[in-house]
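Here's a quick walk through this model, from the overall fold down to a handful of residues. Have the structure open as you read.

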Amino acid sequence: MAMYDTSLDDEPQDYFNNATLRISDVRKQKNALSADKSSTANQSDNSSLFSLDIALADEAKAGAKSPSSSSSNARPKDAVMPWSGDDASTFFASREGFVKRAIDECSKELVNDKIGKLLGAWLLTEISLWDNEKERLVLLTTDELIIVKYDFIALKMLDSKRVPLNIIDTVINGDLVYPSGSIVPPRNATGVRAMWNNGQPLDFLTKWNAFSSDVPWFTVTSHPLLRCKETTTEEKKLYCVDNFYAEFVKALELVTALTPCNIQHKPILLENYIGLTSLIHNKCSLGFFKIRGKFSF
């Protein structure tokens with residue numbers, strides 16, 4: 001506090017000679033200072049608003065060029081199939097030698113000289129009229145197509161269906177698709193459909209009977225084991241619907257030489273709009289012989 005102890009009276013009077021005392025209006029200075037600050041703030045605000053307007057305009061232009069929000073919510077094209085990601089070991093058909101044994105047993109029992117020579121055999125997935133997937137052995141002979149339900153747990157044939165090649169009038173090869181109004185997830189898979197209905201629609205009782213076996217066509221796609229990492233290249237040939245299609249067309253060309261079969265390459269329509277039961281059925285692979293926890297069926 002020593003620096004404030006000195007009084008003006010103690011200073012020599014010569015220091016104040018010719019000095020002028022000036023009293024200014026402090027309020028005016030404050031008002032002027034406030035006005036300067038206000039002007040600066042307004043300029044800053046105007047600049048900020050101008051920058052914001054430019055940013056919003058740019059954002060609007062970008063939004064006009066970008067896809068609409070409805071398209072971003074559209075169903076993804078690469079949706080996975082219900083059974084994708086399955087472990088090969090859960091399928092009884094993946095056991096070493098099981099498929100070969102099944103083909104040999106069914107061939108001996110179902111194929112003979114009367115129906116021609118065996119051209120090939122595959123383990124595929126049949127898709128029913130109600131969009132339910134079923135594990136099926138498909139035997140192709142020079143005269144018939146034989147679809148077999150085989151129990152890979154008990155290792156025995158359960159049922160079979162024969163389709164003479166000469167009655168097949170149409171074969172469709174293409175993507176498996178659902179109607180535009182369907183809520184069922186897309187399959188993203190190809191298939192083959194053979195038809196012998198001569199272009200006639202199904203009658204009412206056949207179409208709405210889930211247990212009908214008189215549907216004049218059958219639809220198949222590849223077996224789930226085709227996409228399993230554990231499956232070898234040689235085994236994949238047995239599970240691939242494209243391999244079946246190539247041999248199937250060759251056999252048809254020989255049998256239907258006089259009345260050629262109509263071969264079409266277009267999407268195969270699966271008439272399933274809601275499909276809750278089929279979705280559960282396919283998701284749980286109920287049409288396949290698998291290990292399911294402590295149970296197997």
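## Overall make-up

The protein has 7 helices and 11 strands, where helices (H or I, at least four residues) and strands (E, at least two) are DSSP runs numbered from the N terminus. This is a predicted model, so local features need pLDDT of at least 70 and side-chain atom pairs count only at pLDDT 80 or more, while totals for chains, interfaces and linings use all residues. Residues are numbered from 1 along each chain as its sequence is written, and side-chain values use heavy atoms, with hydrogens and water left out.

Of the 297 residues, 36% are buried; buried means under 20% relative accessible area, exposed over 50%, and partly exposed in between (1.4 Å probe, protein chains only). Taking contacts (heavy atoms within 4.5 Å) with a separation of 6 or more, 67% are between residues 24 or more positions apart. The accessible surface is about 19400 Å², and 55% of that belongs to carbon and sulfur atoms. Those areas come from the Shrake-Rupley method with a 1.4 Å probe; for residues, only the protein chains shown count as cover.

## The largest pocket

The largest pocket has a volume of about 640 Å³. Its lining has 23 residues, with Glu126, Lys134, Arg136, Ser212 and Ser213 the closest to the centre. Strand 1 (118-127), strand 2 (133-141), strand 3 (144-151), strand 4 (156-164) and strand 7 (217-221) each give two or more residues to that lining. A pocket here is an open set of points on a 1 Å grid over the protein atoms alone, where a 1.4 Å probe fits, with protein on both sides within 12 Å along at least five of seven lines; lining residues have an atom within 4 Å of a point. Grid points are joined across faces, edges and corners, and the volume is the space filled by probe spheres set on them.

By class, the lining splits into 10 nonpolar, 7 polar and 6 charged residues. Ala, Val, Leu, Ile, Met, Phe, Trp, Tyr, Cys and Pro count as nonpolar, Asp, Glu, Lys and Arg as charged, and the others, Gly among them, as polar. Glu126 sits in strand 1 and counts as buried because its relative accessibility is 17%. Beyond four places in sequence, Glu126 has contacts that include Lys134, Arg136, Ile147 and Phe218.

## The second largest pocket

About 410 Å³ of space lies in the second largest pocket. Among its 25 lining residues, Arg193, Met195, Trp217, Leu269 and Glu271 lie nearest the centre. Strand 5 (170-177), strand 6 (190-195), strand 7 and strand 9 (268-269) each supply two or more residues. The class count is 12 nonpolar, 8 polar and 5 charged.

## Loops worth a look

Leu225 lies in the loop between strand 7 and helix 5 (233-239), and is buried at 1% relative accessibility. Tyr239 is 14 residues from Leu225 in sequence, and their C-alpha atoms are 6.8 Å apart.

Most residues other than glycine have a negative phi. Leu155, though, has a positive phi of about 55°; it's in the loop between strand 3 and strand 4 and is buried at 17%. Asn188 also has a positive phi, near 55°. Asn188 lies in the loop between strand 5 and strand 6 and is partly exposed at 35% relative accessibility.

## Cysteines

There are 0 disulfides in the structure, a disulfide being a pair of cysteine sulfur atoms within 2.5 Å. Cys106 is buried at 1% relative accessible area, and Cys261 is buried at 13%.
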